[in-house]
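This note is written for a colleague who is meeting the structure for the first time. The points below move from individual residues to the chain as a whole.

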Amino acid sequence: MAALDPVKGRQALQRYRVMAWVTGTMLLILCLEMLLKYAVHVGPDVVSKISWVPFAHGWIYVVYLVTVMDLWSKMRWSFGRLAAMVLAGVVPVMSFILERRVHVEALARLDAAELAAR
């Protein structure tokens, strides 16, 4: 098994962090869109203006999944971690919480790998 590459790991971590925030924000906007559409029953003029939100979130989620897989494979984490990171993109607010935990743990692991390489 190859050693953990701290440079590639940090790059993957940065991409993941950006996409976790973008995905989490879009998920909250999606929740707002659904609330307006199904609970408030806004008119068709408003619905037509917000109909892009589910599609945007869907494509952003796909990009998020790519960054999750990239980071997960570089960090060599368990499948449980992968499942949690994947679910974080569809559970409101979870991406913000998990992003912080992943960031702290990844930095610790990357720092340890850099020390071991010296």
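Predicted model: local features only at pLDDT ≥ 70, side-chain atom pairs only at ≥ 80, totals over all residues.

1. Leucine 65 lies in helix α3, which covers residues 53–75. Helices here are DSSP runs of H or I of at least four residues, and strands are runs of E of at least two, numbered from the N terminus. With a relative accessibility of 26%, leucine 65 is classed as partly exposed; buried means under 20% relative accessible area, exposed over 50%, and partly exposed in between, with a 1.4 Å probe and protein chains only. The C-alpha atom of leucine 65 is separated by 19 Å from that of glutamate 105, and the two residues are 40 residues apart along the chain.

2. Residues are numbered from 1 along each chain as its sequence is written, and side-chain values use heavy atoms, with hydrogens and water left out.

3. Confidence is reported as pLDDT, the predictor's confidence in each residue, from 0 to 100. The average over the chain is 94, and 98% of the residues score at least 70. Among the elements, α3 has the highest mean pLDDT (97), while helix α2 (residues 44–50) has the lowest (90).

4. What is the pattern of the chain along the sequence? The pattern reads α-α-α-α-α, with five helices and zero strands.

5. Glutamate 33 belongs to helix α1, residues 6–39. Is glutamate 33 buried or exposed? Glutamate 33 counts as buried because its relative accessible area is 4%. Leaving aside residues up to four places away in sequence, glutamate 33 touches Ile50, Val53 and Pro54, where contact means heavy atoms within 4.5 Å.

6. Overall dimensions deserve a separate remark. The C-alpha trace spans about 65 × 20 × 20 Å along its principal axes. The radius of gyration of the chain is 17 Å, whereas a compact globule of 118 residues would have one near 13 Å; the radius is taken over C-alpha atoms, and the globule rule is 2.2 Å times the number of residues to the power 0.38.

7. Burial and contacts complete the account. Of the 118 residues, 35% count as buried. Among contacts between residues at least 6 apart in sequence, 76% join residues at least 24 apart.
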